[in-house]
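Open the model in your viewer and keep the selection tool handy. We will begin with the whole chain and then stop at a few places along it.

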Amino acid sequence: MLAQLIRIAPAREQHRRLLNAACIGLLLAYFLHFALPALRAGFGEDEMMNLYFYWFPGAFRSIRANFCFWSISYPQRPAGALYYLPLYHFFSLDPLPYRIVQISILAVTIPIFFYLARLLSGSRAVAFLAALAMCYHVHLAYLVFGGSFIYDVLCGFFYFAALTYYVRIRERGVALHPGQLAIFLALYLCALNSKEMAVSLPVIVVIYEALKCPRRNEWKQFAFHNWSVAVPALTAGLVTAIFIYAELNSAYSLAHLEAYRPVFTWHRFTLTNAHFINELLYDSASRIGRAVLVAWPVVFLYAFWRRDRLLQLMAFWVVITPLPLAFIPARGGAMLYIVLFGWAMIIARVLQNLIGLVGKLLALSKPRTAMLRTLATAGVAVALAVFTHWQNQRLDQTRVLLSSGQKSLHVIQAFRSLNLQPVPGSAILLKPETRFYQNPWYPKFVASLVWNDRSLRVYVAGQQQLTQEEIANMDYVISFNEFSAQLVRTAESNRS
């Protein structure tokens, strides 16, 4: 009998691994169905700005900023340098490698979603449905098609990688040893350096531990147990406190900009959260978001009534993770990457509970209930996939997002068509024929990156106070529009 059990256990483990691999394979195929067209995408205006802000100070300063979380300095969000600078060094301004890397990071994050959901729920069906919802959302499509949203992509990857790593260890019933704590903190710092919305992670870890912690009869044993597992959350919390203080007091802080200045009122909190929910439910014009906000207490009551630790954690998740965005002027779309996970898990678990209830009402046997759960999960997955594909076509997202990145490719080609490599240290005046861009410094960013010479002094007509003498002494004067550029004057022509 014992020998038979020994033979069965590896077979079951192999079967489980094959099912998990099949689920992940389906999820990746589903994601690539929507993502592969993004390989034709170009560069947005903001992406030229982002790349310039890492290129100009140089690799050493940009990479060093990743280790100095206690001092927010230029450039902001330094993890972006780890993405932009190697790609620019090897591939210059060819957008294809940038898109390949961005899509690859998103693809690698999908198994992390699945594994984390499986660890938290103990259910492959719940994990599959939640990960499916995370693969692609039409209102979050900039994650795939918008290069300037690489910060959200990187933040999501490191955030979920850190949480998955932590939960994997803790679900074994052991505390993190110093080496594991260092890895967890490194992943969390990378998430913070990618985007500020990662600050919610220590709170999520604390709530996870509070919900996981068993009751203790003796206070000393209870306190010792909690202290031994609280070190990672407390350390991460200390890092977060230092980061937030530096973020709010640094001269380079985004909080000084009107678009990022928080307004801490209940009205702003409810308004933005209702907007977030409407975005995720594809119905930004309705009041359904406010209705869901009213239903938040119901989610908590249901979770604690069911004594379902997953639902309890996700109930806190959907309230806490939007907080970094909830008090600043309207945001949405790709920035809801982390928030979406909580709602996806809640809906997947509730569907699983409903299927189980149907099985009980029909008095089905355990094997038939399992079959019902499999068929229902497959049906919900197909319905979600069809609905997402329909919404993508209805909103024409692929065409719209692809076209938005073509302007920069035209401008890059226009400057390259000059076949010009200015003499180091030259002063260059760019004169736009028409204003076809939003950021007033956009021409400077593109031209500087095309020539790749930090010694050049590039000016944009109308953006600096230049005297007639300074203009007359420019080494190069270039007139340009979106599709062409013309060398109007050079220093040699002035002297002749």
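Of the 496 residues in this chain, 51% count as buried, meaning under 20% relative accessible area, with exposed over 50% and partly exposed in between (1.4 Å probe, protein chains only). This is a predicted model, in which local features need pLDDT of at least 70, side-chain atom pairs count only at pLDDT 80 or more, and totals for chains, interfaces and linings use all residues. Residues are numbered from 1 along each chain as its sequence is written, and side-chain values use heavy atoms, leaving out hydrogens and water.

**Whole chain.** Switch to cartoon view and you will find 23 helices and four strands; these are DSSP runs numbered from the N terminus (helices: H or I, at least four residues; strands: E, at least two). Now colour by pLDDT, the predictor's confidence in each residue, from 0 to 100. The chain mean is 85, and 87% of residues reach 70 or more. Where pLDDT is low, the predicted coordinates should not be read in detail.

**Salt bridges.** Next, show the charged side chains. How many salt bridges are there? The count comes to eight, taking a side-chain nitrogen of Lys or Arg within 4 Å of a carboxyl oxygen of Asp or Glu.

- Select Arg99 and Glu47: their closest N and O atoms are 2.8 Å apart. Arg99 lies in helix H5 and Glu47 in helix H2 (residues 45-55), so the pair ties together parts 52 residues apart in sequence. Arg99 is buried at 0% relative accessibility, and Glu47 is buried at 1%.
- Select Glu209 and Arg170, whose side chains meet at 2.6 Å, N to O. This pair links helix H10 with helix H8, 39 residues apart.

**Helix H6.** Select residues 124-135, helix H6. Is this helix mostly covered or mostly open? Mostly covered: 11 of its 12 residues are buried, among them Phe128, Leu132 and Met134.

**Asp308.** Finish in the loop between helix H14 (296-306) and helix H15 (309-320), where you will find Asp308. A polar atom of the Asp308 side chain lies 3.2 Å from the backbone nitrogen of Leu311. Beyond its neighbours within four places in sequence, Asp308 is in contact (heavy atoms within 4.5 Å) with Ala303 and Arg349.

Note on methods
Polar contact = N/O pair within 3.5 Å; in protein donor to acceptor, adjacent residues only side chain to side chain. Expected span 1.5 Å × (residues − 1).
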